[in-house]
Amino acid sequence: MNIKRCFFLCYLLLFSCSADASTSVTFPDSWDVGQAFAVALSSHTSYEEPTVNWLGVTVSLDVEQGREGYVSYGLLGSFVRDVKPGVYPLNFEFTQDNERFLVKCEVTLREKKYPEEHLTVDDKMVTPPKKESGRIQKEAALAKAALNTKSVKRLWTTPPRRPVQGIFTSAYGLRRVYNGVPRGYHAGTDFRAPTGTPISAPFAGEVVLTGKHYYSGGSVYIDSGNGVISAFFHMSRVDVKKGDKIAQGQVVGLSGATGRVTGPHLHYVLSLSGQQVDAAPLFETSITALLNAMQSEIVRQ
Ligand SMILES: [Zn+2]
């Protein structure tokens with residue numbers, strides 16, 4: 001298979017050729033650290049096995065037939081805890097006309113200031129007792145594996161539904177200080193949710209993990225395809241089990257105050273190819289609106 005590097009030059013060729021068979025990629029030129037963005041590959045002619053590689057992780061995308069040909073959508077982002085502002089490669093691959101193409105792009109991640117938040121919790125939640133360390137490690141490994149699930153079929157659609165109707169009480173990205181001890185960044189979005197509030201799935205998907213974990217309490221993880229994973233923490237009741245197929249908006253359990261909490265609420269995690277991002281701006285946004293904020297480049301005319 002021939003790997004071909006496509007340059008921006010291809011774009012210029014468009015003006016002298018028919019655009020009817022063109023293949024293009026859509027991605028952000030620059031974006032804020034911690035925030036989700038959309039990417040797309042689209043073509044008037046069919047292609048197979050599209051993938052996108054971002055921050056060292058490759059995910060497979062679906063090929064869907066749209067009005068003007070074929071399209072593959074992806075949702076990506078960066079975890080404010082792990083990724084520094086800078087320029088990062090974003091590579092698409094696809095097979096078309098029996099040839100494998102590699103399209104090399106770059107995204108500049110801009111710095112975004114997230115505020116600090118001081119919280120007081122039970123001391124054993126800041127420095128857990130030694131006897132709990134084995135359990136905490138095991139749960140962390142299970143959570144990491146669940147958040148890095150990469151199934152091909154796209155079950156997510158936009159805009160995602162809010163998991164509860166309550167307001168945001170604690171935003172993503174806050175630098176958290178527990179009992180005076182800095183403990184990294186808030187890696188999810190908190191919703192106000194009195195204990196017993198039904199939690200519904202923002203995206204359709206399949207349950208990949210449930211548990212009663214030391215830090216996250218009653219938890220559910222849902223895989224929605226192409227690296228899009230949702231997780232719900234601190235639940236008082238979990239109504240689903242691993243392997244269950246979930247419709248968008250389906251209730252997966254009830255909110256609560258289990259695990260490391262200061263009171264009942266829902267902590268919602270959105271992981272995109274293993275990067276935990278700010279979910280809040282997505283609740284009012286469609287993939288089309290997101291893609292309109294990106295740039296498109298024709299990579300094959
Ligand atoms: Zn939270």
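1. A search of the whole structure, which is a predicted model, finds 13 aromatic pairs. One of them joins Phe 168 and Phe 191 in a tilted arrangement, with 5.0 Å from centre to centre and 55 degrees between the planes. This pair links distant parts of the chain, since Phe 168 belongs to strand β12 (residues 168-170) and Phe 191 to strand β15 (residues 189-192), 23 residues apart.

2. Strand β19 (residues 228-238) is mostly covered, with eight of its eleven residues buried. Strand β18 (residues 217-223) pairs with β19 in the antiparallel sense over five bridges, and Val 220 stands opposite Phe 232 of β19. The two strands form a hairpin with four residues between them, and in the turn Gly 225 has a positive phi of about 95 degrees.

3. Strand β19 also runs antiparallel to strand β22 (residues 265-272), to which six bridges join it, with Ser 230 opposite Leu 270 in β22. Three further bridges join β19 to strand β21 (residues 251-255), again in the antiparallel sense, and there Arg 237 has Leu 254 as its bridge partner.

4. Two contacts between arginine and an aromatic ring may be noted as well: Arg 154 lies over the face of Trp 156, at 4.8 Å from the ring centre, and the charged end of Arg 260 sits over the ring of Tyr 178, 4.0 Å from its centre.

How values were computed
Residues are numbered from 1 along each chain as its sequence is written. This is a predicted model: local features need pLDDT of at least 70, side-chain atom pairs count only at pLDDT 80 or more; totals for chains, interfaces and linings use all residues. Side-chain values use heavy atoms; hydrogens and water are left out. Rings of Phe, Tyr and Trp (its six-membered ring) pair if their centres lie within 6.5 Å; planes under 30 degrees apart count as stacked, over 60 as edge-to-face and the rest as tilted. A charge sits over a ring if NZ of Lys or CZ of Arg is within 6 Å of the ring centre and within 35 degrees of the ring normal. Buried means under 20% relative accessible area, exposed over 50%, partly exposed in between (1.4 Å probe, protein chains only). Two strands pair if DSSP finds at least two bridges between them.
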